[in-house]
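Please read it alongside the sequence and the coordinates.

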Amino acid sequence: MFLAGFLAAGLGFRFGWYMLPEGVVFAAVFLLAYMLYAEVLRENAYLSRTVEVQKGQKVIDTGLYAIVRHPMYSATVLLFLSMPLVLGSLYAFLIFLVYPFLIAKRIKNEEAFLEKELKGCSAYRQKVKYRLIPFIW
């Protein structure tokens, strides 16, 4: 998906395929998402690319984690959907629309795992209702 998205953006620019108007540049959204991602990295020392419970790990329920259960995924969805718009590529944006569905599946699997393996996860899920987008999901 990433390779196809960036190839579509680059080739679209090179060959003049359908490009979004220059006024449709979402650099501010991209920068906001990047700052949210950096904040998540600062808040949660237990982040890992793989779903695992580390020794001494506890539930993080402050900061962005008090708003949504998966703020890192929220930030990456914003990042990956704004990148092709910053590049001005409608085709790359359509390719990257797959990402939120992949993340939704990962979240469901991750929550099932953490529910079994991480003490306090169930109470946290009751306290913080939204997984990815406040007031929506």
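The lining of the second largest pocket divides into eight nonpolar, two polar and two charged residues, where Ala, Val, Leu, Ile, Met, Phe, Trp, Tyr, Cys and Pro count as nonpolar, Asp, Glu, Lys and Arg as charged, and the others, Gly among them, as polar. The model is predicted: local features need pLDDT of at least 70, side-chain atom pairs count only at pLDDT 80 or more, and totals for chains, interfaces and linings use all residues. Residues are numbered from 1 along each chain as its sequence is written, and side-chain values use heavy atoms, with hydrogens and water left out.

**Overall fold**

- The secondary structure comes to six helices and zero strands, where helices (H or I, at least four residues) and strands (E, at least two) are DSSP runs numbered from the N terminus.
- Along the sequence the pattern reads α-α-α-α-α-α.
- The C-alpha trace spans about 55 × 25 × 25 Å along its principal axes.
- Of the 137 residues, 36% count as buried; buried means under 20% relative accessible area, exposed over 50%, and partly exposed in between (1.4 Å probe, protein chains only).

**Pockets**

- On a 1 Å grid over the protein atoms alone, a pocket is an open set of points with protein on both sides within 12 Å along at least five of seven lines, a cavity is a set where a 1.4 Å probe fits but cannot get out, and lining residues have an atom within 4 Å of a point.
- Grid points are joined across faces, edges and corners, and a volume is the space filled by probe spheres set on the points.
- The second largest pocket has a volume of about 280 Å³, and its lining includes Tyr37, Arg49, Tyr73, Tyr99 and Arg106.
- Helix H5 supplies the largest share of the lining of the second largest pocket, four residues.
- The largest pocket has a volume of about 330 Å³.
- Of the 15 residues that line the largest pocket, Ser74, Leu78, Leu132, Ile133 and Pro134 lie nearest its centre.
- Helix H3 (71–86) and helix H5 (99–117) are the elements that give two or more residues to this lining, and H3 gives the most, with four residues.
- The lining of the largest pocket has 14 nonpolar, one polar and no charged residues.

**Cavity**

- The structure holds one cavity of 30 Å³ or more, and about 430 Å³ of space lies in the largest cavity.
- The largest cavity is lined by 25 residues, of which Asn44, Gln57, Tyr65, Glu110 and Leu114 are the closest to its centre.
- H3, H5 and helix H6 (121–127) each give two or more residues to the lining of the largest cavity, with the most, four residues, coming from H5.
- By class, this lining has 13 nonpolar, five polar and seven charged residues.

**Surface and single residues**

- A nonpolar patch on the surface has about 900 Å² of accessible area together, and its members include Leu3, Phe15, Trp17, Tyr91 and Leu97.
- Such patches are made of residues with over 30% relative accessible area and no salt bridge, with like charges joined within 9 Å and nonpolar side chains (Val, Leu, Ile, Met, Phe, Trp, Tyr) within 5 Å; accessible areas come from the Shrake-Rupley method with a 1.4 Å probe, and for residues only the protein chains shown count as cover.
- Helix H1 (2–15) supplies the largest share of the patch, four residues.
- Tyr91 lies in helix H4 and is partly exposed at 39% relative accessibility.
- Phe135 has a phi near 70°, a positive value in a residue other than glycine, and is exposed with a relative accessible area of 71%.
- His70 lies in the loop between H2 and H3 and is buried, with a relative accessible area of 8%.

**Salt bridges**

- The structure holds seven salt bridges, each a side-chain nitrogen of Lys or Arg within 4 Å of a carboxyl oxygen of Asp or Glu.
- Arg42 pairs with Glu39, the closest N and O atoms being 2.7 Å apart; both lie in helix H2, three residues apart, about one turn of the helix.
- Asp61 forms a salt bridge with Lys127, with the closest N and O atoms 3.4 Å apart.
- This pair links distant parts of the chain, as Asp61 is in the loop between H2 and H3 and Lys127 in helix H6, 66 residues apart.
- Arg125 forms a salt bridge with Glu111, with the closest N and O atoms 3.7 Å apart.
- Arg125 lies in H6 and Glu111 in H5, so the pair ties together parts that are 14 residues apart in sequence.
- Salt bridges that share partners join Arg69, Glu111, Glu115, Arg125 and Arg131 into one network.
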